Structures are given as structure tokens and as C-alpha cells.
Amino acid sequence: MNENSGGLRVWHIVLLSVILGLLILFYKGLYGNPSFIPPVLVGTPAPRFEAPDLYKKERVTLDQFRGKVVVLNFWSSWCQECKLEHESLQSLNRQYGQNAQFVLLGVDYQDKEDLAKDYLQQYGNNFQHIIDTQGRISIDYGVYGVPETFVIDQSGIIRHKEIGPLVGETYIKFTREVIEPLLKEKS
């Protein structure tokens, strides 16, 4: 055997290792959700905000809900998926709104006030909404689009982020695995 065949053998082993590594990554990727974007804010303190109430014009702050489980839903009247989940949000508030430890707050995202009010009049409304016309709150929360929903625990930590409408199995999983366990925790 000459020196060239030994160098060639090492080169083949390296090449086979690289190909094997790529195949492992490929198969691992097949089982993942390609649209999943890891929510970087989960587990961190929720960004504080102050914004006007959609109807009363009084200022609403996150701090006033300290000690409660806060569901923060970003929506807009121009969003089709928001219309799909709106009844689910009202159901969520009917189910938990009587619990003093629960708050559902809608954040009207880059919308016109009159269109937002028309939307709520048409689709119904049983929870409070604030206005984020400039998108500052949405930027602080890293909102990619609407609807997006954040769950903030009694200590002010973001515990969950849901991208997309809360409907069907997503809604059931959201209430059973996120809301109910948090409401059982002590602040």
C-alpha cells in the first residue's frame, strides 16, 4: 500500500461521516414543524405597557393586573383568522372571566378605532380591549402577525405564546394545559 491509498481512505471516511450527518439532520427535520418559530419571550418577564382602553379612553397598564393570569390576545378587524377565533375568545372569557385571578385583554393591533368598534359590535364582545395603533406593544412582544396570544402568569412571566387562532383542538389544549394549571398556581 502506498501513502496515497491511506490518505484516500481517510478522505472517504470523512466524506461518509458528513453524508451520514446530513442524512440524520434531514430525517430529524422531517418530524419537526417547519413553521415553528421558537418564542423567545416565553419564560421572561412580560414587557410592561400602558395603552388606552378602546371604549373608555382610560389608560390600561399591565401592572394593574399583577397577581392574575393575563391572556393577552393581539387581533385586528382586518384579520380573517381573528374572526375565526373570536367566538373562542368569548367562550374563554365566559369560562374563566368570573375567576378573580383571570383577565382576558384584547390588543387591537394597527387598526382604526372605528373599524375595531364595528368589528366588535358585529362579532360580539365580552372582554376589555386596548388600542395599539402604533404597534409599540406588538413590537415589544415580538408579534409576527395576528392573531397571537400570550399568557402571563401571576408573577408577570410570559408562560405561553400561541401563534394563530385559538380554535378547535388548539383551544382545548390551551385551556387544559395552560390556563387551568396556571389558575391553580399561587402567586
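In helix H2 the residues Ser88, Ser91, Leu92, Gln95 and Tyr96 meet Tyr171, Phe174, Thr175, Ile179, Glu180 and Leu183 of helix H5, where contact means heavy atoms within 4.5 Å. The structure is a predicted model, in which local features need pLDDT of at least 70 and side-chain atom pairs count only at pLDDT 80 or more, whereas totals for chains, interfaces and linings use all residues. Residues are numbered from 1 along each chain as its sequence is written, and side-chain values use heavy atoms, with hydrogens and water left out.

## Two helix pairs

Two packed helices are described by the angle between their axes and the distance between the axes. Helices (H or I, at least four residues) and strands (E, at least two) are DSSP runs, numbered from the N terminus. Helix H2 covers residues 80-96 and helix H5 covers residues 168-184, and the two pack at an angle of about 30° with their axes 12 Å apart. That angle makes H2 roughly parallel to H5, because angles under 35 degrees count as roughly parallel, over 145 as roughly antiparallel, 65 to 115 as roughly perpendicular and the rest as oblique. The axes are lines fitted to C-alpha atoms, for helices over the stretch in contact, and the angles run from 0 to 180 degrees between N-to-C directions.

The crossing of H2 with H5 is right-handed, a term used if the near helix is turned clockwise from the far one by less than a right angle, with left-handed for anticlockwise. By class, the residues in the contact of H2 with H5 are six nonpolar, four polar and one charged. Here Ala, Val, Leu, Ile, Met, Phe, Trp, Tyr, Cys and Pro count as nonpolar, Asp, Glu, Lys and Arg as charged, and the others, Gly among them, as polar.

H2 also packs against helix H3: their axes come within 11 Å and cross at roughly 60°, which makes H2 oblique to H3. This crossing of H2 and H3 is right-handed. On the H2 side, Cys82, Lys83, His86 and Gln90 take part, and they meet Tyr119, Leu120 and Tyr123 of H3. The contact of H2 with H3 has four nonpolar, two polar and one charged residues.

## Aromatic pairs

A pair of aromatic rings is described by the distance of the centres and the angle of the planes. Rings of Phe, Tyr and Trp (its six-membered ring) pair if their centres lie within 6.5 Å, and planes under 30 degrees apart count as stacked, over 60 as edge-to-face and the rest as tilted. By this rule there are eight aromatic pairs. In one of them, Phe74 and Tyr141 are tilted, with 5.8 Å from centre to centre and 50° between the planes. This pair links distant parts of the chain, since Phe74 belongs to strand S3 (residues 69-75) and Tyr141 to helix H4 (residues 136-141), 67 residues apart. Tyr96 and Phe102 form another tilted pair, with 5.6 Å between the centres and 45° between the planes. Ring pairs also join Phe49, Phe74, Tyr141 and Phe150 into a cluster.

## Buried and partly exposed residues

In the table, buried means under 20% relative accessible area, exposed over 50%, and partly exposed in between (1.4 Å probe, protein chains only).

| Residue | Relative accessible area | Class |
|---|---|---|
| Phe74 | 0% | buried |
| Tyr141 | 1% | buried |
| Tyr96 | 7% | buried |
| Phe102 | 5% | buried |
| His129 | 2% | buried |
| Lys57 | 42% | partly exposed |
| Gln110 | 40% | partly exposed |
| Asp114 | 47% | partly exposed |

His129 sits in strand S5 (residues 128-132). Apart from its neighbours within four places in sequence, His129 is in contact with Pro52, Asp53, Leu54, Trp75, Leu105, Gly106 and Leu120. The C-alpha atoms of His129 and Leu104 are separated by 8.7 Å, although the two residues are 25 residues apart along the chain. Asp114, in helix H3, is 39 residues from Asp153 in sequence, and their C-alpha atoms are 32 Å apart in space.

## Backbone sites in loops

Most residues other than glycine have a negative phi, and most peptide bonds are trans. Lys57 has a positive phi, near 65°, and lies in the loop between strand S1 (50-52) and strand S2 (59-61). Gln110 is not a glycine either, and has a positive phi of about 40°; its place is the loop between strand S4 (102-109) and helix H3 (113-123). A cis peptide bond, with omega about 0°, joins Val146 and Pro147, and Pro147 is found in the loop between H4 and strand S6 (148-152).
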